[in-house]
Amino acid sequence: MTTVLIVEDNERNMRLMRLLLRPLGYDLLEAVDGKQALATLERTTPDIILVDIQLPDVDGLEITRRLRKEPRFATTPIVALTAYAMPGDREMFLRAGCTGYVAKPIDTRAFPDIIAAYLHDGATAPTPEGTKPG
Ligand code: MN
């Protein structure tokens, strides 16, 4: 069973990702803020983590930085979800330890394949665009 943790405070985005991923047979875990995410990650090691950058408490980059300090998350793909992909943001996400990012609004047709590609490639192979497949 492939476990996906989604960290997202926006209910509509959470519902959308749930609708897109659940039919594919993933075991979905959900967290609506950083605290909840970190608590979940104390007891589980998902196969992939999708983390919203803007959260009400601990932001997505800080969560990523903390996780990358733990050997248990060294090879886990961590994908930033961001509504504001400005020039330079990709570098900022990668520096924090993200594998890449998915821009919001989410492209519903591409999203499942993007997640599958990250699961396949692991933590260390971001494309130049920061998303995959191209
Ligand atoms: Mn948010």
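This is a predicted model: local features need pLDDT of at least 70, side-chain atom pairs count only at pLDDT 80 or more; totals for chains, interfaces and linings use all residues.

**Exercise 1.** Which strands does helix H2 lie across, and at about what angle does H2 run to E2?

Residues are numbered from 1 along each chain as its sequence is written, and side-chain values use heavy atoms, with hydrogens and water left out.

Step 1: Find H2 at residues 34-43. Helices (H or I, at least four residues) and strands (E, at least two) are DSSP runs, numbered from the N terminus.
Step 2: H2 lies across E1, E2 and E3; contact means heavy atoms within 4.5 Å.
Step 3: H2 runs at about 135° to E2. Axes are lines fitted to C-alpha atoms, for helices over the stretch in contact, and angles run from 0 to 180 degrees between N-to-C directions.

**Exercise 2.** Work out the order of the strands in the sheet.

Step 1: The 5 strands form an open sheet in the order E2-E1-E3-E4-E5, with parallel pairing. Two strands pair if DSSP finds at least two bridges between them.
Step 2: Because E2 and E5 (100-103) are edge strands with a single partner each, one side of each has no neighbour in the sheet.
Step 3: Check two of the pairs. E1 (residues 3-7) and E2 (residues 27-31) share 5 bridges, with Ile 6 opposite Glu 30. E3 and E4 (residues 78-82) share 4 bridges, and Leu 50 has Val 79 in E4 as its bridge partner.

**Exercise 3.** Find the residues that coordinate the manganese ion, and say which parts of the chain they join.

Step 1: The ion is coordinated by Asp 9 (OD), Asp 52 (OD) and Gln 54 (O), at 2.0 to 2.1 Å. Donors are N, O and S atoms within 2.8 Å of the metal (3.2 Å for Na, K and Ca); water is not among the atoms, so sites may look incomplete.
Step 2: Asp 9 sits in the loop between E1 and H1, and Gln 54 in the loop between E3 (48-52) and H3 (60-68), so this pair ties together parts 45 residues apart in sequence.
Step 3: Asp 9 is partly exposed, at 38% relative accessible area, whereas Gln 54 is exposed, at 52%. Buried means under 20%, exposed over 50%, and partly exposed in between (1.4 Å probe, protein chains only).
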